[in-house]
Amino acid sequence: MASQASTGYSRAKELKKFDETKAGVKGLIDAGTVNIPKMFIRPAEELSQEVIINSTHTNNNIQVPIVDLSGMEVDSRRKEMVDQIKIASTEWGIFQVTNHGIPLNVLDEMIDGVRMFNEQDLELKKEMYSRDTTKPVRFDSNTDLYTSKTADWRDTLFLSSFRSDLDPSKIPAVCRRLGETLFELLSEALGLRSDHLGSMGCGKGCSIVCHYYPPCPQPELTLGVKKHTDPGFLNVLLQNEINGLQALHKGQCSINELTSEADPPRYKDVLKEYYARFLSNSDGKSLTDYYKM
């Protein structure tokens, strides 16, 4: 295989040129790109391996657990929900919630808002383009652009108060309640008081990450988002009508009071360090291994 030097290709220069446009992936499409830049193309061995995985390890019959949140005021229903969440969290690490109380029009408006932001005049987006992760509101394309092996085909708007306390009153009550409810049910699933995780501050701080995936002229060569794990105590995901989410389950893809002498702590209490490491992580592996005792 020819080296970058012998072909005259410089990945560093390509990354810098792309970043300096402040237009993101959407800018490539607006410019009429037909062949995606090399920085987005995954290695040949990775592409061939994916063909094998998709043919042998993808099971469309696997159903991500679904938890119906209706009737929570009835003790028997609440216990049923707690049991379902306990199993889903232990065996899957992901579950879908229905009847959560957030009106459909609110969800639709959230998705429309992300779309409208990304499809507005480029000069307005450029004003918000930044790689300074301390900014509470910013726009960029690939936070790990300069450290990842390949770039993802997406642009992202960040609305974050992850490093400071967020006034709960600033979040619409109907949306705030879902997070509070899930923390209560997770606490009970752990055999604790319903307010335990909330009282620990697990609900403090909030980061809204809005991904936008422009149409790709060569989707077989790249990904919207690589295999990864998310930071944070709880991630609530909203996707549009174009289903693309995959969860890995048993090798198959489908579309401090918590401790005791008998069950000692297995991880260090280092949330800030964890988030900083997440921002610099590029191998897609779970970060919890770094903090095992």
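A: Let us begin with R78, which is buried, with a relative accessible area of 17%. Buried means under 20% relative accessible area, exposed over 50%, and partly exposed in between (1.4 Å probe, protein chains only). This is a predicted model, in which local features need pLDDT of at least 70 and side-chain atom pairs count only at pLDDT 80 or more, while totals for chains, interfaces and linings use all residues. Residues are numbered from 1 along each chain as its sequence is written, and side-chain values use heavy atoms, with hydrogens and water left out.

Q: With which residues does R78 form a salt bridge?

A: In general, side chains of opposite charge can pair when their charged atoms come close. A salt bridge is defined here as a side-chain nitrogen of Lys or Arg within 4 Å of a carboxyl oxygen of Asp or Glu. R78 forms one with E188, the closest N and O atoms being 2.7 Å apart. This pair links distant parts of the chain, since R78 belongs to helix 5 and E188 to helix 8, 110 residues apart. Helices (H or I, at least four residues) and strands (E, at least two) are DSSP runs, numbered from the N terminus. R78 also forms a salt bridge with E184, where the closest N and O atoms are 3.4 Å apart. E184 lies in helix 8 (residues 173-189) and R78 in helix 5, so the pair ties together parts that are 106 residues apart in sequence.

Q: Is E188 buried or partly exposed, and which residues are joined into one network?

A: E188 counts as partly exposed, at 24% relative accessibility. Salt bridges that share partners join R78, R177, E180, E184 and E188 into one network. The structure holds 18 salt bridges; one of them brings together the side chains of R193 and D195 (3.1 Å, N to O).

Q: Where does T150 lie, and with which residues is T150 in contact?

A: T150 lies in the loop between strand 3 and strand 4, and is buried with a relative accessible area of 5%. Contact means heavy atoms within 4.5 Å. Leaving aside neighbours within four places in sequence, T150 is in contact with R11, M39, F40, I41, R42, P43 and K226. T150 and M39 are 111 residues apart in sequence and 5.7 Å apart in space, C-alpha to C-alpha.

Q: How many helices and strands does the protein have?

A: Its secondary structure comes to 10 helices and seven strands. Buried residues make up 31% of the 293 residues.
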